[in-house]
Amino acid sequence: MGRSKQMTFALALAVVLSAVGPGVAGYLSARLEGVEAAERRLRVLEAQLEASRQRLIRPMSHSEACARPGEPHWLPELLEAGG
């Protein structure tokens with residue numbers, strides 16, 4: 001009688017595992033694909049952000065930055081507006 005209960009338990013466990021195993025594998029596979037898709041989207045967004053930064057940042061020469069030594073570029077506009 002004890003052997004038959006063990007056999008029944010073993011068969012029931014095998015059936016459960018055969019159903020659960022592929023389900024868990026499918027779930028993990030889908031999650032992994034979702035993570036990979038998110039990483040691809042992130043890389044695209046990072047590349048777009050870097051490209052827009054490069055368009056906004058314009059190198060300035062030293063002569064442009066110091067066009068009028070000793071006088072800030074905004075000083076004449078400020079004096080005109082105040083007077």
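Buried means under 20% relative accessible area, exposed over 50%, and partly exposed in between, with a 1.4 Å probe and protein chains only. This is a predicted model, in which local features need pLDDT of at least 70, side-chain atom pairs count only at pLDDT 80 or more, and totals for chains, interfaces and linings use all residues. Residues are numbered from 1 along each chain as its sequence is written, and side-chain values use heavy atoms, leaving out hydrogens and water.

**View 1. The helices of the chain.** Helices are DSSP runs (H or I, at least four residues), numbered from the N terminus.

**View 2. Val24 on helix α1.** Val24 sits in helix α1, which covers residues 2–56. With a relative accessible area of 41%, Val24 counts as partly exposed. Of the 83 residues of the chain, 1% count as buried.

**View 3. Confidence along the chain.** The mean pLDDT (the predictor's confidence in each residue, from 0 to 100) is 81 for the chain, and 66% of the residues score at least 70. Confidence is highest in α1, at a mean of 92, and lowest in helix α2 (residues 62–65), at 53.

Methods:
Helix = DSSP H or I, 4+ residues; strand = E, 2+ residues; numbered from the N terminus.
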